[in-house]
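Keep the sequence and the model open while you read.

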Amino acid sequence: MPTAPRPATRDSRHMRRFELMDTDGNGTLEESDYTRIADRLVAASGAAEDAPEAEEVRRHYLTLWRTLRAKGDVDLDGKVTPEEYRASVVQSFVDGDGYDQLMTPLAQAVVALFDDDGDDALTHDQYLAMTGALGLEPDSAAEAHGIMADEDGKVPARQFLEALREFYVAPAPGPAGSVLFGSPGSPGSSGSSGSL
Ligand SMILES: [Ca+2]
Ligand SMILES: [Ca+2]
């Protein structure tokens, strides 16, 4: 199905991620935003709190936060502002090799958390549960799912990882990468728990 292109620059995509990561909506990123996202993912997956897959997801989010803080929190107040976040993501993910070191293993861990039968693909319900925990509206998630799904209605992990990389890194991502997290300022970005 053709999808209307969206004028989402890489900067605006990074700001969209910032909006979604700022789970308490206070305008900065803190460690609690990252632990909250990890906890929401575990809860949404239905996995046991102490399942190895759950621990992996928590570990990767904590690593991501600590790396972001080390690189991005230039005034060392434990908070990362939008400007600090954008500069850090560009330096680490776009100009450096941080994406492969941090995001690829994190995304693989998140997919593994929801992929209950281990076929490296997520069903429609699993995909919406995962993206819902990330703060995405069902309509936005369903659009990306429709682009990436195979003939069985499943999103192969490979497709999701590719779209995610394009979302973060590519100057002009393909259709899935463009709509992966909806549009900046769209519903679900308020950071309130109501967005779930
Ligand atoms: Ca916050
Ligand atoms: Ca599966």
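**A38 and its surroundings**

Setting aside neighbours within four places in sequence, A38 touches V57, R58 and Y61; contact here means C-beta atoms, placed from the backbone, within 7 Å of each other. The model is predicted, so local features need pLDDT of at least 70 and side-chain atom pairs count only at pLDDT 80 or more, while totals for chains, interfaces and linings use all residues. Residues are numbered from 1 along each chain as its sequence is written, and chains are lettered from A and ligands numbered from 1 in the order in which they are written.

- A38 sits in helix α2 (residues 31-45). Helices (H or I, at least four residues) and strands (E, at least two) are DSSP runs, numbered from the N terminus.
- A38 counts as buried because 26 other C-beta atoms lie within 10 Å. The cut-offs use C-beta atoms placed from the backbone: buried means 20 or more others within 10 Å, exposed means 12 or fewer, and partly exposed is in between.
- The C-alpha atoms of A38 and V57 are 6.3 Å apart, and the two residues are 19 apart in sequence.

**Whole chain**

- The chain holds nine helices and two strands. Their order from the N terminus is α-α-α-α-α-β-α-α-β-α-α.
- The chain has 196 residues, and 39% of them count as buried.
- Take the contacts between residues at least 6 apart in sequence: 62% join residues at least 24 apart.

**Confidence**

- Average pLDDT for the chain is 90, and 90% of the residues score at least 70. pLDDT is the predictor's confidence in each residue, from 0 to 100.
- Residues 188-196 stay under 50 in pLDDT. For that stretch the model has 19 contacts beyond four places in sequence.

**Helices α3 and α5**

- Helix α3 (residues 52-72) packs on helix α5 (residues 98-114) at about 155°, with the axes 9 Å apart. Axes are lines fitted to C-alpha atoms, for helices over the stretch in contact, and angles run from 0 to 180 degrees between N-to-C directions.
- That angle makes α3 roughly antiparallel to α5. Under 35 degrees is roughly parallel, over 145 roughly antiparallel, 65 to 115 roughly perpendicular, and the rest oblique.
- α3 and α5 cross with left-handed geometry. Left-handed means the near helix is turned anticlockwise from the far one by less than a right angle; right-handed means clockwise.
- From α3, the contact includes V57, Y61 and L64. From α5, it includes L102, L106 and V110.
- By class, this contact of α3 with α5 has eleven nonpolar, three polar and two charged residues. Ala, Val, Leu, Ile, Met, Phe, Trp, Tyr, Cys and Pro count as nonpolar, Asp, Glu, Lys and Arg as charged, and the others, Gly among them, as polar.
- Q101 belongs to α5. Q101 is partly exposed, with 14 other C-beta atoms within 10 Å.
- Q101 and L64 are 37 residues apart along the chain, and their C-alpha atoms are separated by 9.7 Å.

**Helices α6 and α7**

- Helix α6 (residues 124-133) and helix α7 (residues 138-148) pack at about 130°, with axes 10 Å apart. That makes α6 oblique to α7.
- The α6 and α7 crossing is right-handed.
- H124, Y127, L128, T131 and G132 of α6 meet P138, A141, A142 and H145 of α7. By class, the contact of α6 with α7 has five nonpolar, four polar and no charged residues.
- G132 is part of α6. G132 counts as partly exposed, with 18 C-beta neighbours inside 10 Å.
- G132 and R40 lie 92 residues apart in sequence and 8.9 Å apart in space, C-alpha to C-alpha.

Methods
Contact = placed C-beta atoms within 7 Å.
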